[in-house]
Amino acid sequence: MNESTRHPLTKERYKATLTQQIKQELFVFIFSSLPYSLIFCLLAFCLYFLLNPFSPTWAIIALVFFLLPPVAICCHEIGRAIYRAILVKQNKLIIIQDTMINVSTEACIGHPLEGLRRGRILTGLWAGHIDILRFSQNKKYIPGAIEQYDTSCCGDTFYIVMYNGIKQRPALVYNTKIYELKE
């Protein structure tokens, strides 16, 4: 695309995209982890009622042991989404330009929740591997299921939108061939 036909990239556009992405990731996480959480809760209450007549202490330990993981993971993910939403609302975002140096495919084991967070399960793209875009400034980005980066190649320059928080991780990437930054 030439200079005049590139899409404008405005602050409102990437803030709206980030807000939508946060909502989608939270929705996917809650509905994909809900069955497992219910199984853990059911198991915890069954063990509690089975063990309570014999040993109330072990019944409470079993209840806590099986309820703690799903509650902790859900609280972590909800807290993470709230934190990111606050950063977007307070406009604590930075944009840098960087060059993509590599696109690789890695097993999801190295990135346990990223495939889930990025909506790969609901779209049918879950195959045990995720794509990772690597940039020259040691940044890596895991694209979501709906993002288009197929036309990009190594050496392309990208606008990288990052949260300006504790960890400055890329939140969105936009190819400069397609988008033009307007502020």
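Predicted model: local features only at pLDDT ≥ 70, side-chain atom pairs only at ≥ 80, totals over all residues.
**Core.** The largest nonpolar core holds 23 residues. Inside this core, L18, F135, Y163 and Y174 have the most contacts. β5 gives the most, with 6 residues. Nonpolar side chains tend to be buried together in soluble globular proteins. Beyond its neighbours within four places in sequence, L18 is in contact with V88, L93, V161, Y163, A171 and L172.

**Surface patch.** F27, I30, F31, L34, L38, I78, I82 and I86 make up a nonpolar patch on the surface. Together they have about 730 Å² of accessible area. Two elements give two or more residues to the patch: α1 (11-51) and α2 (56-89). The largest share, 5 residues, comes from α1. F27 lies in that helix. F27 counts as partly exposed because its relative accessibility is 45%, between the 20% and 50% cut-offs.

**Loop residue.** T176 sits in the loop between β6 (170-175) and β7 (179-181). T176 is buried because its relative accessible area, 15%, is under 20%. Leaving out neighbours within four places in sequence, T176 is in contact with R6, T157, F158 and Y159.

The two residues with accessibility values are listed here.

| Residue | Relative accessible area | Class |
|---|---|---|
| F27 | 45% | partly exposed |
| T176 | 15% | buried |

Note on methods. Residues numbered from 1 in each chain as written. Heavy atoms only, no water. Helix = DSSP H or I, 4+ residues; strand = E, 2+ residues; numbered from the N terminus. Buried < 20%, exposed > 50% of the residue type's maximum accessible area, 1.4 Å probe, protein only. Contact = heavy atoms within 4.5 Å. Patch = residues over 30% accessible without salt bridge, like charges linked within 9 Å, V, L, I, M, F, W, Y side chains within 5 Å. Areas by Shrake-Rupley, 256 points an atom, 1.4 Å probe, with all protein chains shown as cover. Salt bridge = Lys/Arg side-chain N within 4 Å of Asp/Glu carboxyl O. Core = buried A, V, L, I, M, F, W, Y, C linked by side-chain atoms within 4.5 Å.
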